[in-house]
Amino acid sequence: MNKKWISASALIFALAGGFYFLGNNLALSSEVEEEIVLEEEEFEENLLYGINIDELDVIEGVVGKNQTLSTILAPFNVPYQIIDEIARKSKEVFDVRRIAFNKKFIVMTPKDSSQAQFFIYEPNPAEYVVFNLEEVEIYKEEKPVEIQRVEFGGLITKSLYQDMMDLGASHELINKFADLYGWNVDFQRIPKGDKFKVIYREKVIDGVTVGFDGIETAFYEHKGQAYHAIPFEQNGEVSFFDQEGNSFKKEFLRDPVEFTRISSRYSLNRFHPVQKRYKPHLGTDYAAPTGTEIRTIGDGTVVEARFTSANGNYVKIKHNGTYSTQYLHMSKIASGINPGERVKQGQVIGYVGSTGLATGPHLCFRFWKNGKQVDWLQEEIPPSDPILPENLLAFEKIKTEKMQQIAAIPFTDNRDKLLANK
């Protein structure tokens, strides 16, 4: 009996010791894992431009006037032979002769040396070029881009362009907005009190806006008439439709240059500023600075691209059996625009100038219908297909969502006063 008790006691003590030992091991294992995790966190790399800078000194600078790669790196004890080799090897990635005034650069040196190990140059806010001076390697990278959603609304107190600019809009946003509503609203003659709202996306790098990424939805109220622009994908293409399901898109763009001023309209009896006599002006003149891009309003084939003493540099395009267009007084015709070439709607075909009979830089735009020149601004161009019956339910859902988003945006004038949202 005593032997059994002693054996049982021994077994209990052995098990207890085992559990104690196992528990200590588990606790120790947990501590070791925690230490490993802490060590991993402590040894996380400190990266800049993809380079670990823990053992490097980082010097920021901007390119001075007439500075070159050689003069920038000279104070950092980089041998001329390495600079010359880097310059030769970099041509396929980035030609160092294009290093420009006032652009940002970074020099990295080891903490125990004054000789540069890396040179990083930013040709624009979205890209950077890394010159590994130690291994004589060059590569270009893009910075991560963040897409941000922006919204605002306002009133017309001066013009669409000025009032949108006062609210912080970019030129590209204004141009896209004007293109979107160009067939519904004559922005050359809009009254004060018209209203607009827009939700759009912009590209942001390092907290700085670097570009426009598209309109999500928009609203314009013209003389009390509301026009909602609802995005919807149909036939594999995302287009904008009004609240009734009618397409904003038409066969032609409204303007051959992005949002600008019409300086002269179609007239059968206009005083010609060069010839000093009254004669028909069978076109529409768009005032714009020399070099402004001119775009074809629709798909078509180039039938003429040449110079004459009256038209200057000009291009004529046949769009179909009914319509043709002509673009006059260009400073130059775009590369590749030759007779017989196909062009797509919005493609740049030339640049504003004052060649031929012109007193200043502008585009004279002419429009033919069935072989006869007509007033472009009075033409009724049929729209693309409306929302198809089978897509109506899906469209209604998106329309409700977008109209609620637009309704939530207040109207703000350029004096930052909130106005009643009617």
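Predicted model: local features only at pLDDT ≥ 70, side-chain atom pairs only at ≥ 80, totals over all residues.

I started with contacts, meaning heavy atoms within 4.5 Å. Of the contacts in the protein chain with a separation of 6 or more, 61% come from residues 24 or more positions apart.

Numbering runs from 1 along each chain as its sequence is written, and side-chain values use heavy atoms, with hydrogens and water left out.

**Elements and burial.** I looked up the protein chain and found six helices and 26 strands. These are DSSP runs numbered from the N terminus: helices are H or I with at least four residues, strands are E with at least two. Buried residues make up 42% of the 422 residues. Buried is under 20% relative accessible area, exposed is over 50%, and partly exposed is in between (1.4 Å probe, protein chains only).

**Rings.** I searched the whole structure and got 23 aromatic pairs. Rings of Phe, Tyr and Trp (its six-membered ring) pair if their centres lie within 6.5 Å; planes under 30 degrees apart are stacked, over 60 edge-to-face, and the rest tilted.

How far apart are the ring centres of F105 and F119? They are 5.7 Å apart with planes at 40°, so I call the pair tilted. F105 is in strand β4 (residues 104–110) and F119 in strand β5 (residues 118–124), 14 residues apart. Both F105 and F119 are buried.

Next I checked Y181 and Y220, a tilted pair with 6.0 Å centre to centre and 45° between the planes. Y181 lies in helix α5 (residues 171–181) and Y220 in strand β10 (residues 208–222), so the pair ties together parts 39 residues apart in sequence. Y181 and Y220 are buried.

I also found a cluster linked by ring pairs: W183, F252, Y323, Y327, F365, F367 and W376.

**Charge over ring.** This needs NZ of Lys or CZ of Arg within 6 Å of the ring centre and within 35 degrees of the ring normal. The charged end of R254 sits over the ring of W376, 5.9 Å from its centre. K197 has its charged end over the ring of F411, 4.4 Å from the centre.
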